[in-house]
Amino acid sequence: MACTSCSTSDGGAPKGCKNNGTCGTDSCNKLTVFDWLSNMSPSNGEAIFDCVEVRFKNGRKEFFRNSEKLTLSIGDIVATVASPGHDIGIVTLTGELVKIQMKKKGVNHESNEIPKIYRKASQKDIDIWSVARDREEPMKVRARELAIQHKLEMKISDIEFQGDGSKATFYYTANDRVDFRLLIKDFAKEFSTRVEMKQVGFRQEAARLGGIGSCGRELCCSTWLTDFRSVNTSAARYQQLSLNPQKLAGQCGKLKCCLNYELDTYMDALKDFPDYDTKLVTEKGDAICQKQDIFKGLMWFAYTNNFANWHVLKIDQVKEIIAENKLKNKVSSLEDFAIEVTSEPEKDFNNAMGQESLTRFDQPKRKKKPNRKRKPNAEAAIVATPEKPQAQGNQKPNKPGGGNPNKGNKPNNNKPNQSNKPNNSNDNKPAEPRKPIIITKNENKK
């Protein structure tokens, strides 16, 4: 970390910067250079480079000369020269790396115009600085309301107080020139401080405020990118990207700076390709290019009279046809040179990590099946129906189950065997109807 006040206390809570640990996205660690020479002392008694790099709010950095020979290290809070009064900043870089940074940004380290450092900030300086920083957010809300009342087409993006609280700098963005002379008078009357207006570009605004890009990382302009090169739509065309302004634009509303990162690689790969507008002359008709695959070295061509069918050709085959056309010779057709491209098997990413499907609730509900009759449980009580009285001589054996003989009831294997007791009476009287027999699992009771 470039800011020692971001270190955590014994309880684990961050202290000092009031950013709750979000230093990477809230201006505490922007555009920081790692001091890999911090553990090395100058050789042969050479003096340490007398300039240091000091960071202010939202990554604004300036170089100051340590004319008082103060012992400074990264993270020290110092009071520097300002106009008028003094400003408070944090040291972010010392030693020989400061000379390299000054050379990179075009600052002459031998110039006498480099501002100086007064002293290390005292506790009183830090208290005044903290009170001024706390006033910035409510002032920004009120400043935007005043700008709307004056009907000015401008956006006040940030306010930065000087360390001694004597001046406030208003950063704004606008498409055209804005006459804010009356607005400055209202600001001075409303906030009782000296006001300075500074216009910044849309990319500089995004760099000052910071944020998270569509890639999921912090914005390049607020972490490491120092120069803003121009980006145009031709960079997207060379990389065969969709010309969708919503996808190509960053948080600043301009084209993303990362479109230029791989552009040189694509340009080198396209040197071996024929021109995209090249026409191939065949006996079946002229063919124009529809698509290119830079990594596989393939080109798709279609006849002008039939754009539905595309033919895949290699770069060498296309160059061979172009060479024949330069000799005013026509090839028979593209089918003689076309190759078959095998499509790769589609990968199933629905359950790649073993998680449940996100569309599990979108499937239609299944129809419930009709309830089937449950078979009688063997443990339940079985009730035998009484038999009809019959004559002793003409008695017929009962069918299993004791049901109606006309019905084809199947025997139940779960039921125990039931046998009729013999009739011990000697007379010809009809047998008395027997009482129902109740059979349980463990006991037989009449």
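Predicted model: local features only at pLDDT ≥ 70, side-chain atom pairs only at ≥ 80, totals over all residues.

User: Where does Thr-193 lie?

Analyst: Look at the elements on either side. Thr-193 sits in the loop that links α4 (181-191) to β8 (194-199).

User: Is Thr-193 buried or exposed?

Analyst: Buried means under 20% relative accessible area. Thr-193 has 11% relative accessibility, so it counts as buried.

User: What does the side chain of Thr-193 reach, and which residues does Thr-193 touch?

Analyst: The side chain of Thr-193 comes to 3.4 Å from the backbone oxygen of Ser-166. Leaving out residues up to four places away in sequence, Thr-193 touches Phe-161, Gly-165, Ser-166, Lys-167, Ala-168 and Ala-188.

User: Now Gly-297. Where is Gly-297 found?

Analyst: In the loop between β10 (285-293) and β11 (298-303). Gly-297 counts as buried because its relative accessibility is 15%.

User: Which residues does Gly-297 touch?

Analyst: Beyond four places in sequence, Gly-297 touches Phe-273, Leu-313, Lys-314 and Ile-315. Take Phe-273: Gly-297 and Phe-273 are 24 residues apart in sequence, and their C-alpha atoms are 7.9 Å apart.

User: How many disulfides does a search of the whole structure find?

Analyst: A disulfide needs two cysteine sulfur atoms within 2.5 Å. The search of the whole structure finds 0 disulfides. Cys-221 is in none, and its nearest cysteine sulfur, that of Cys-257, lies 6.3 Å away.

User: Are Cys-221 and Cys-289 buried or exposed?

Analyst: Cys-221 is buried, at a relative accessible area of 12%. Cys-289 also counts as buried, at 7% relative accessibility.

Definitions and conventions:
Residues numbered from 1 in each chain as written. Heavy atoms only, no water. Helix = DSSP H or I, 4+ residues; strand = E, 2+ residues; numbered from the N terminus. Buried < 20%, exposed > 50% of the residue type's maximum accessible area, 1.4 Å probe, protein only. Polar contact = N/O pair within 3.5 Å; in protein donor to acceptor, adjacent residues only side chain to side chain. Contact = heavy atoms within 4.5 Å.
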